[in-house]
Amino acid sequence: MRDAAPARPAARPDTALSAAARDQAAVTLARATAFLRTQIDRPWLDQCWDDGDRLVRSRVIGNWIGELDRLLHVLLDAAADHAGQPVRAHQRNTGSKLVTFCAEASWGVERLAGMARARATFRYTQGAARRADVRGGSHMTVGWSGPGGTLRRFTLGERIHLGSRALLEVCDLYDELAAQVVRVPSVKTEGAGHQGI
């Protein structure tokens, strides 16, 4: 019986293909934020919601936030692949993945954590703040600014609201993070190209 040949290291994906995947993911996220920018003028965003409207409108906003997060996550995977950095499929937290891949964008982690809390609140409790920032806490911070420019905080039980100005800020957040992720340079591997022969 012959000995099995030693396993060869996995070849790095073609740089042009990985750049195309990264760029397509960035375009898709940009399309999503562009679409949401068209929704900013919808009067229902800034109106008080009655109980009949609350279920549907909360789900819509929760889905918007969830889709932005998913698209940023896809962009991070594609950009990490292009940069030659390992992609951890099990790493589902977008903020953690962002810091691991692009330390320059770490300023956005607290906002992404707030967006995750807001997404869950809109989807599952019709906008009633139920998830405190810390165990036993009395407030929930979301990923957009309140008065004074600090991140908006809601008392548990209070109805959170994402108005047109906040939606614009959310779109800007995801666009800025995407721009930083796309700028991360590719890691050159030793021995690549004709110089390494």
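This short talk goes through some of the salt bridges in the structure shown above.

A word on the basis: this is a predicted model, in which local features need pLDDT of at least 70 and side-chain atom pairs count only at pLDDT 80 or more, while totals for chains, interfaces and linings use all residues. Residues are numbered from 1 along each chain as its sequence is written, and side-chain values use heavy atoms, with hydrogens and water left out.

The structure holds 11 salt bridges, where a salt bridge is a side-chain nitrogen of Lys or Arg within 4 Å of a carboxyl oxygen of Asp or Glu. One of them pairs Arg-37 with Asp-172, with 2.7 Å between the closest N and O atoms. That pair links distant parts of the chain, since Arg-37 sits in helix α1 (residues 15-39) and Asp-172 in helix α5 (residues 164-182), 135 residues apart; helices here are DSSP runs of H or I, at least four residues, numbered from the N terminus.

Arg-37 also meets Asp-175 in a salt bridge, at 2.7 Å from N to O, and this pair again joins helix α1 to helix α5, across 138 residues. As for accessibility, buried means under 20% relative accessible area, exposed over 50%, and partly exposed in between, with a 1.4 Å probe and protein chains only. Arg-37 is partly exposed at 27%, as are Asp-172 at 29% and Asp-175 at 26%.

Elsewhere, Arg-54 and Asp-51 form a salt bridge at 3.9 Å, both lying in helix α2 (residues 51-83), three residues apart, about one turn of the helix. Here Arg-54 is buried at 13%, whereas Asp-51 is exposed at 63%.

Terms used. Helix = DSSP H or I, 4+ residues; strand = E, 2+ residues; numbered from the N terminus.
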